[in-house]
Amino acid sequence: MKKRKFYVHFLTVIVLILSIALVGCSNNETTSKDSDGKVTIQFSMWDTLDDNASFIKDFEEKNPNINIELVNIPEDYSQKINSMIIGGTAPDVILSWEADINRFAESGAIDSLEEYIEKTDAFKMEDFIPAVNKLNKNNGSIYGLPWSYASEFLYYNKDMFDKAGVEYPTADWTWADFEEAAKKLTIREGSNTVQWGADAISFPGIWYSSIGAAGDDVVDAEGNLDLSNGLRKTLEFQNKLTNEDKVIPQPSVGGEVSDLFAAGKAAMTRNGSWYIASYKENDFNWDIAPLPKEERSYSSLHTGFFTINSNSEHKEEAWKFIEYMMGDTGQSLISKQFNNPSTRLSVAEKGEYQVAGEKGPENWDVFDKTAQFADFGYVLVNPTVTNELVQSFNAVLLGNKDIDEVINKDVPSAQKKLDKEK
């Protein structure tokens, strides 16, 4: 058995060495110089856009010697970018995920941007929200710049709150306030619940934001899971809401997850800020508030980072594109197109991302308040591993696991998987 393990380990090392060698030796074939002297660079992102997207079109008009070729990868983005890097075909500018950027930096797949940043007048690093500078400090250098950000909020149905005589959520709301309101907002007819106080957690990030609010760091500076007492407290609280108070439904297992908040069957839901765009068509009055706090306020931060492929033949043009995107005009266009705030405070305060529907929201300052305590947390590690842990969390609510099993067995097992990637 030991001998077999040795050979597996040996072969793994050989594959890694060959992969690195391929990256180092391959000529980047993704860039070109057109017959008219223009330089074409590739830029990858997961959203499906065409080449006429406002921010790309505006850049090309102001930089007539550079063409941007958009590489849309709507599915399995991280996996496919990793494969392209190994194969030497990665785009010149990669919008890198949070979970990838540190690994890309350590392997030499992307360049540090510090030399470029020192010379630019387009922005100042002091202008970014706190979590960005914290991440750069942990990475040891600035390898990427965030294109915008999203976070997680509490959404609430104002009509249901008014009818029940419950005061709207505030930034000071605690878990106890959330639970008390959920009890008052739940309506039962016999054994049937016709209105839930809140929807079940459907987005994995809400689990990790709750664990962070309960005191755990979720992921430490070395990229290790920090899930212990905060996780226990979160599982106990969610189990109480689900199986004792019965004010939120049990989690769905497989299949399509219905959105009870959008359907007008739950008074509250906790979800990503990008759901504002989905809820614009709601036929009831609604608004947003920061996630309820416990030991502290906490919300997971989501973004992507402009990074330069270290194998690019046109790094100066790649930086010119990033510099423009991080400047006032580029950030303004991105905010309007995607309804996400800029990570630059001076741009975000203009409120250009605030595009509301007829029924809500109004409390746009929730973005600013959340940005002050939001952290990258769980998004910095492999999403496959964190999603598998969420299945264990849900198993507790369904009565298929106990909390000790999750903390003492499942979390260490998840950490071992992350260790193999280091």
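**Buried residues and ring pairs**

Biologist: Why is Tyr 279 called buried?

Modeller: Tyr 279 has a relative accessible area of 1%, and buried means under 20%, exposed over 50% and partly exposed in between, with a 1.4 Å probe and protein chains only, so Tyr 279 falls in the buried class. This is a predicted model, in which local features need pLDDT of at least 70 and side-chain atom pairs count only at pLDDT 80 or more, whereas totals for chains, interfaces and linings use all residues. Residues are numbered from 1 along each chain as its sequence is written, and side-chain values use heavy atoms, with hydrogens and water left out.

Biologist: What makes Tyr 156 and Tyr 168 a tilted aromatic pair?

Modeller: A search of the whole structure finds 34 aromatic pairs. In this one, the rings of Tyr 156 and Tyr 168 are 5.5 Å apart centre to centre, with 40° between the planes. Rings of Phe, Tyr and Trp (its six-membered ring) pair if their centres lie within 6.5 Å, and planes under 30 degrees apart count as stacked, over 60 as edge-to-face and the rest as tilted, so the pair is tilted.

Biologist: How do you know whether Tyr 156 and Tyr 168 are buried or partly exposed?

Modeller: Tyr 156 has a relative accessible area of 2% and is therefore buried, while Tyr 168, at 30%, is therefore partly exposed.

Biologist: What makes the contact between the side chains of Tyr 353 and Gln 354 a polar contact?

Modeller: The two side chains are joined at 3.4 Å, and a polar contact is a pair of N or O atoms within 3.5 Å, where within protein one must be able to donate a hydrogen and the other to accept it, and residues adjacent in sequence count only if both atoms are side-chain atoms. The contact between these side chains therefore qualifies. Tyr 353 is itself buried, with a relative accessible area of 1%.

Biologist: How do you know that the span of helix H16 is close to the one expected?

Modeller: Helix H16 (residues 383-397) has 15 residues and reaches 21 Å from its first C-alpha to its last. The expected span is 1.5 Å times one less than the number of residues, which means 21 Å for H16, close to the span found.

Note on methods
Helices (H or I, at least four residues) and strands (E, at least two) are DSSP runs, numbered from the N terminus.
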